[in-house]
Amino acid sequence: MTSSTLSKLPRLNAPQVHYLPNGLTIVAEQMPVDAVNLNLWLNVGSYVEPDVINGMAHFLEHMVFKGTERLISGEFERRIEERGAVTNAATSQDYTHYYVTCAPKDFAKLAPLQIDVVLNPAIADDAFERERLVVLEEIRRSEDNPRRRVFTRLMELGFAESPYRRAVLGEEAVISQLRSQQMRDFHASWYQPQSITAVVVGNLPVEELIGVVSEAFSNYGNSQYLGNGFNKDLNKDLNIKSQLLNQQPIRNYPEKPFAEIIRQEFVDETLQQARLLMLWRVPGLNQLNRTYALDILSGILGHGRTSRLIRDLREERGLVSHIGASNMNLQNQGLFYISAQCAVENIPDVEAAILQHVHTLQTELVSEAEIARIRKKVANRFIFSNETPSDRAGLYGFYQSLIGDLEPAFNYSKHIESQDAVDLMQAAKEYLSPEAYGVVVVKPN
């Protein structure tokens, strides 16, 4: 086992990163709060799924909690709850993560249980069929949510071919056809130590935190599929795994920026107001240095009541009831988008006003006061994201798992501070073309 303490960190954070021979990465930090959080991050989300098994990663997240050879279904939750601990999980496009938070005195007992259910789920046929019904109901509830439906339209236009265009939950027709053996194969292929980052933060010595996690993984060896080379070449790994699962290769390259204005309109009778979304394809986390200026631009345009779009279109002109801007950072590509709610008759004026604000960013330097507002917000957000063991474990897990490095997490504020008005103007010119973007309009009737 090798280890290293990250250098030149703010005094607030001092995690240690350890690498086990089986490929597992452990991030550990002692924190003087009377709790311990274990977060297991896996480099597997809906992005790695071939179309014919879309939704498998999320479905598997459910099945992980349905028992192992050592724990019958329901026993894991019982042991967690009887000690006053909490556990949960989440699946996204780029990752799945599982966590448990407990008292320090219970960590050595509960952490191995969490690791056992993740590494060794039984995926019994009868439990698989029962949980399929739960997942299908979750999909139906999602489809009944107007906000989710609008977001689906955004993703489908923003990612015309990329796996990012698909729902993390999958489609009802696909989930209905999945077989339990497919899930067992999927788990055996992806749930390997090489694809896992175990983050543990809490009030125990670092050596003890690492020792408990290492012991629980000690009998779980190198991947039978890819060995220690996992995730060194993402495109190669995805396609090798697809071949092993008898599925088509995964498309793993960013889509080109829009070359023209692509407009799509839909009707959703459940809405009270229209939804307008304008979007641009931008770099993702794999080009991290190119995302910082876009983060600032999204804040200048649509974060807070003093931001440009909110102040102009909502507060002063009353054209919208809601408006905001986001720079969505997915691993292999991003979307910069502006979303608004307004009356149907206001749509042309709102779109024109947004384009004028984008044009202004390309032709006039942003004031230092506006940049300073974003810098202060980012600095405070970093402080707020360090208050609890679960906050820190989430921060460390995200960066170590998706980027392979913790330094960007700690230096984010510095990167934001390094962006000046000229950098922002250049980013707006490069990525936010007023002549080439996507538009989604969803009308109530």
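**Notes on the fold and its charged pairs**

1. Asp126 is partly exposed, with a relative accessible area of 48%. Here "buried" means under 20% relative accessible area, "exposed" means over 50%, and "partly exposed" is what lies in between (1.4 Å probe, protein chains only). Before going on, a word on the source: this is a predicted model, where local features need pLDDT of at least 70 and side-chain atom pairs count only at pLDDT 80 or more, while totals for chains, interfaces and linings use all residues. Residues are numbered from 1 along each chain as its sequence is written, and side-chain values use heavy atoms, with hydrogens and water left out.

2. Staying with Asp126: its salt-bridge partner is Arg130, and the closest N and O atoms are 3.8 Å apart. A salt bridge here is a side-chain nitrogen of Lys or Arg within 4 Å of a carboxyl oxygen of Asp or Glu. Helices (H or I, at least four residues) and strands (E, at least two) are DSSP runs, numbered from the N terminus.

3. How many salt bridges does a search of the whole structure find? The count is 24. Side chains of opposite charge can pair when their charged atoms come close. One of the pairs is Lys443 with Glu265, whose closest N and O atoms are 3.4 Å apart. That pair ties together distant parts of the chain, with Lys443 in strand E12 and Glu265 in strand E8 (residues 262-267), 178 residues apart. Both ends are partly exposed: Lys443 has a relative accessible area of 23%, and Glu265 comes in at 47%.

4. Arg375 and Glu368 also meet through their side chains in a salt bridge, at 2.7 Å from N to O. There is a network to look at as well: Glu75, Arg78, Arg79 and Glu82 are joined into one by salt bridges that share partners.

5. Strand E9 (residues 274-282) deserves a look. Is this strand enclosed or open? Nine of its nine residues are buried, so E9 is largely enclosed by the rest of the structure. In a regular strand the side chains alternate between the two faces of the sheet. In E9 both faces are covered, with Ala274, Leu276, Met278, Trp280 and Val282 buried on one side and Arg275, Leu277, Leu279 and Arg281 buried on the other.

6. What does E9 pair with? Strand E11 (residues 334-342) runs antiparallel to E9, over nine bridges, and two strands count as paired if DSSP finds at least two bridges between them. Arg275 has Gln341 as its bridge partner in E11. Strand E12 (residues 438-443) is also antiparallel to E9, joined by five bridges. There, Leu277 is partnered with Val440.

7. Elsewhere, strand E5 (residues 86-91) and strand E6 (residues 96-102) are antiparallel, paired over six bridges. A hairpin of four residues connects E5 to E6. Ala90 has its bridge partner, His97, in E6.

8. Phe410 lies in helix H15 (residues 407-418) and is buried, with a relative accessible area of 3%. Phe410 and Leu12 are 398 residues apart in sequence, yet their C-alpha atoms are 9.4 Å apart in space. Leu395, in helix H14, is buried too, at 15% relative accessible area. From Leu395 to Ala409 it is 14 residues along the chain and 7.2 Å between C-alpha atoms. In the loop between H14 (389-402) and H15 you'll find Ile403, which is partly exposed at 27%.

9. Most residues other than glycine have a negative phi. Ile123 sits in the loop between helix H3 (107-119) and H4, and at 3% relative accessibility Ile123 counts as buried.
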